[in-house]
Structure formats: structure tokens, C-alpha cells
Amino acid sequence: MSARNHEQWTSPPKLAEGEWVDSRIYSDQTIFEEENEKIFKHAWIPVCHESELKDAYDFRTMTIANEPVIVVRGKDMQVRAFLNVCPHRGNMIERRPSGSFKEGTPSGTPKRMTCMFHAWQFDMKGKCVYISRQEEGYQDRLCTADVGLRELKCEVYFGGFVWVCLDDDIGMTVEDWAAGALDCLAPSLNEEPLEVFHYHKAIIPCNFKLWHDTNCEFYHDFLHYHNRITGFNDAYFARKNSGFKNGHINVGSFEVQYDNYEGFHSREELSFPHLPPNHWYMIDMFPGVNFNLRGSALRCDLMTPLGPDKVMIEFRGLGLASDTPAERQTRIDHHNSIWGPFGRNLHEDLLAVTAQGSCMHPSAEKRNILQGRHENETIHDENGMRHYYHEWGRWLNRSPSNPDEEFDEALIAAASAKPAEVQANA
Amino acid sequence: MAEKHASTIEQIKDVIYKSCLYQDDLEWNSWLDMCSDDYHYAIRAFSPEIRADMEYMGGGLEYMKSLTQMLPKHNTDNSPLKRHCTVYKVEVADDGKSASATSSFVVYQTMLDGINSHVDAGESRLFLVGRYNDKFEISNEGVKFSDREVRLDTRRLDKGSHWPI
């Protein structure tokens, strides 16, 4: 058989359950809304880095699962997170992406979060400290103590990233949530303070999971001339792809041969602490976060789903806060050469997922998206994606390969056992 | 002073516009031939998110030559980019040996293969907004770029570009 007819094309592939997904999980409006409700509102999300809030009264704003969030550093230097919503009329309190509350605003006084609409004011701990014409309007029926902001769970963890969770009852710390997935990079990121030097965003017409898939599988290095020429040796193909509890994965390291790409050079001189020269680790956190350390520069991708076929990806680049200006410039050059918006690889990845998105819009027929490669859980094995969708199925109680059916843990577990010939070669 | 350097100012405007045409037509060698040996190129933007200046691409003449030679080996969005540039200010040094210029530009992208060509090909979209901050060396041989800062206002870069702007 060569080309297939419609029935053959849409039939289940000759792979085990759990080794393909139904493309509707990338395009269905109901599933997208369920993901926001059942996953993103209950997961720890690294919304920014503490270096974006250096001083007391600094703030950053963002969105988790369509909920506006504000992160502020208090006078006590603690970082706290709140819904960025005024308890009075539901207005967004702070509209800027970042700034400082040290300065007053047209409706408010310094060192306060002020809702411009009716001038209600809040301190950096979320306490309401001023209601305009309070006694005239509310008499003794409502006072400032009754209308504090909605505080959110917030931790600074893993090299200074600020993690926020909308669920008060998540019942675990970020460390518990990571379940060991961050351990491979923790010594490098926790040794000394880090600093963000790069931020840009992309809004791509594809489902957020397609970007996460691309970060989870390295088989797509055939897309990247740079990665083929600087990798693709025995050490590269031996990199382990490991799954962790809660749907996280990481990809082990090897020494990248940057000199093999014309115009590029070794990054040995500026390796992060405890990282062997030119090594490269990748961590993918459920449901849509990526940490990527290539020797001298750390990248973090944060996905914010905007629709079943639309995602905002925020890209951050980080170096050491102790960098000299020359060291920082070198790190920036290293970062940009591959990962900048005009770099060699990022543009190619974005092109690829855009093209996937073009084939998986909400009205497209369902297709089978394969993730059945088994290579002893090394870099071109697709076990990372399988691990992710196992977790995804659990959270939504939907089968990834047929989202109309309930998730069957036992069926997936049995099918995800390695094929006999792979076990024999392990 | 402007009168004294009037012909140089016109020469500099011509150089900037000619460089835009070379870049539009992907004639990278012709563009880089207009640059001095110590030329430096950078794309930068200020981020109100992290409240810092950022550099998105940067390098000297050799780096830019290497970059433009290597890019055909990469997958790319082949949708053509066209620069619409207006030179607003040219200042020539008293000794006439150097100059600086500020130009505003927009870059339009006419879709070809970046998304779904059946639907999108042929549509022109605004791609980037920014300024060129240029410096020049002036000698008997003419005017050469010594430095270009592409200062972007646009910071949402969905597919970006492999190519210098």
C-alpha cells in the first residue's frame, strides 16, 4: 500500500494505544476551555523572574487561564501575587506590563496599587487601605478590611523564578510539583543570582501543546541545520529522555560542537556554574513551560493558551547577575545566535508549529498524530510526549487518542511498556 | 554648516536608500560592500516588560558575512520583506570625515509560504516598525556605513526573520 484512501488515512495507526493522539486535542474549543479550567488553574506556573522585580514596590502583570495576575515586591522584599482585579467593580487594577508603585498615579498615591476607576487603594500585601468616600457610600456596612485583594499562592524557586498557582488547595510546593525534574539544573541555577536580559513574545496560530511537543521531542532536529551540524554524534544520540511525576520531562546533556557551525565558537568560557563546558540540558514542565540551558545562556519559554488554535509564547533569556558588561554581551550573542527572534533555530521552530497549526484548525478533520518512536528513551524516542499526554489524559479524563472516551490508565500503562525488541537492546 | 555639507548629506541619503534596496532584494554582499571593515550591526529594542534595553541580533562585518552566507542552509519564511524608509536627520562632523543619520522605517511582509500559502500568499502585512540609527565614515572613496543600530518598536515577533533588517 502506498498512498491511502480516507478510511485508511483515518484508521488507528499500527501502534499501541498511547503512541498517537487525535488531532482534535489541538483544535477543539471545548477541550481548550477544559484545559484552562482543569489544568492551568491548578498548576504552578513560573510567570516571571525575580530580577524583573528588583526593588520594593516593583510589579509585573500577566495572565493565567484568562485571569489577570499581578506580582509585586513588598517593602519587606517579599514577592506576592494577587488577582489584578479590583474587588469593587471588577476593573483591572494595573494595566502596564511592569513598573514601580513608588510613584503615584493620576488616581492614586505613591506606594499603593490604585484602581484608576474609583480610586480604591491597596498596599503591597493586598490589603485595601482606602475607599473613596467610604462612609458616605457604605456607612458602617462595608469597610476596607472586607475588600482586600484575592491573594494567590506564590513562591520564588529554581534560580529565582516566580511561580504562581491560582488554586489555594494545590497542596504541594513548587519543589513537590517539580518532582525532581528540575534537579539536573538546580546546582547551576541556584549557585548565584540570575538576571533576565531578553524578553520577547510570539503569538502563533497553533495550539499550545504543539509548541510544548516541539520542546519535548528532539527528533525534529532534522529541521535545524545548526543542531545537525553541531550535534548528531554518538553522544548526542545517547542523551536520555526521562519522565517525572506530574508530566514533566528532561533531556540529558552532551557536549555541543559549536565550532562545527561556521562563525560560531565554543561557549566554554562562560559556562553556568557546575555545568560542563558547552553542555545543554532541557526541562519541559507540565503543562507548558520549558527551561533550556545551553552552556552560557538560559532560556525559558512560557506558554499562555489564547484559544484552541492560538498561543502566546513568552521567551526569556537569562545570565548571571554578576556578569561584567563584556560577559553579558557574549551571553547575549550566544543566546541570540540560536534562540533570538532573528536566531538560527527559533524561527525554524515557529515556522514548523505554524504549519502544524494550519493543518489542525478547529474545523479540520481529525488526524492521527504519531508519537510512537522507541529508542531506549534516548533523544529521538518520543517517550517525552507520551509521558506528557499520559498526564494530560489523567487531568482531563479524556483519552488523548480518542478524546470522546474517558482516560483508561490501565490501558495506557499496559500499552506504553517498551516493545520487546527495544527492551532487548536496552 | 548644512549648506557646506549639502552634497555629502544627499550622498548619505542615497547610500541609506540604496542599502534598503539591496536588502529588499537579498543582495547581501552588495549591502555589506557598503560597510567599513570595522562595521557593527545590531537590532535592539527597549522592553517595557523587563524594563531594559535588549539586543536581538548583533555582530561585526565578518559575522554578518558569515551569517548571510549560512542562511540559505536554514529553513525560513520566504515571504519577501520590503523596507519603506525615510531619512529624517543627517549630521556631518565638522571635519567632514564622519556622519550620523536617523531614519524611520516600516517593513512590510508579502506572504508567500509562512502560513498557508493557498490562503495567505500575496497578502501584505506590516512586519516591523522602527528606526535606523546609522553612522558613517567619509573618505575620498565615498561614504561607508560604520555602524547601524536597528531600533525596533515591534517586540511581538511571531516568526521573526533570519535576515538582517
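Is A:Cys128 buried or exposed? At 1% relative accessibility, A:Cys128 counts as buried, where buried stands for under 20% relative accessible area, exposed for over 50% and partly exposed for anything in between (1.4 Å probe, protein chains only). This is a predicted model, so local features need pLDDT of at least 70 and side-chain atom pairs count only at pLDDT 80 or more, while totals for chains, interfaces and linings use all residues. Residues are numbered from 1 along each chain as its sequence is written, chains are lettered from A and ligands numbered from 1 in the order in which they are written, and side-chain values use heavy atoms, with hydrogens and water left out.

Next, the cysteines. Over all chains, the structure holds 0 disulfides, a disulfide being a pair of cysteine sulfur atoms within 2.5 Å. For A:Cys128, the closest cysteine sulfur belongs to A:Cys86 and sits 7.7 Å off, which is too far for a bond. A:Cys216 is in no disulfide either, with the nearest cysteine sulfur, that of A:Cys184, 14 Å away. A:Cys216 is buried too, at 2% relative accessibility.

Salt bridges are another matter. There are 36 of them over all chains, counted wherever a side-chain nitrogen of Lys or Arg lies within 4 Å of a carboxyl oxygen of Asp or Glu. Side chains of opposite charge can pair when their charged atoms come close. One salt bridge joins A:Asp404 to A:Arg24 at 3.1 Å, N to O. A:Asp404 lies in the loop between α11 and α12 (409-415) and A:Arg24 in the loop between β1 (20-22) and α2 (29-40), so this pair ties together parts of chain A that are 380 residues apart in sequence. Helices here are DSSP runs of H or I with at least four residues, and strands are runs of E with at least two, numbered from the N terminus. A:Asp404 is exposed at 61%, whereas A:Arg24 is partly exposed at 22%.

In chain B, B:Asp53 and B:Arg151 meet in a salt bridge at 2.7 Å, N to O. Here strand β2 (residues 52-60), which holds B:Asp53, is linked with strand β6 (residues 142-152), which holds B:Arg151, and the two residues are 98 apart. B:Asp53 is partly exposed, with a relative accessible area of 49%. Back in chain A, salt bridges with shared partners make one network of A:Lys54, A:Glu195, A:Asp323, A:Arg328 and A:Arg331. A:Arg80 also has a salt bridge, to A:Asp76, with the closest N and O atoms 2.6 Å apart. A:Arg80 is buried at 15%, and A:Asp76 is partly exposed at 38%.

As for A:Glu382, this residue falls in the loop between β19 (368-370) and α11 (383-396) of chain A. A:Glu382 is buried at 7% relative accessibility.

Most residues other than glycine have a negative phi, and most peptide bonds are trans. The bond between A:Phe286 and A:Pro287 is cis, with omega about 5 degrees, and A:Pro287 sits in the loop between β15 (280-285) and β16 (289-294). A:His274 has a positive phi, near 65 degrees; this residue is exposed, at 58%, in the loop between β14 (249-251) and β15. A:Asn397 has a positive phi of about 50 degrees and is partly exposed at 38%.
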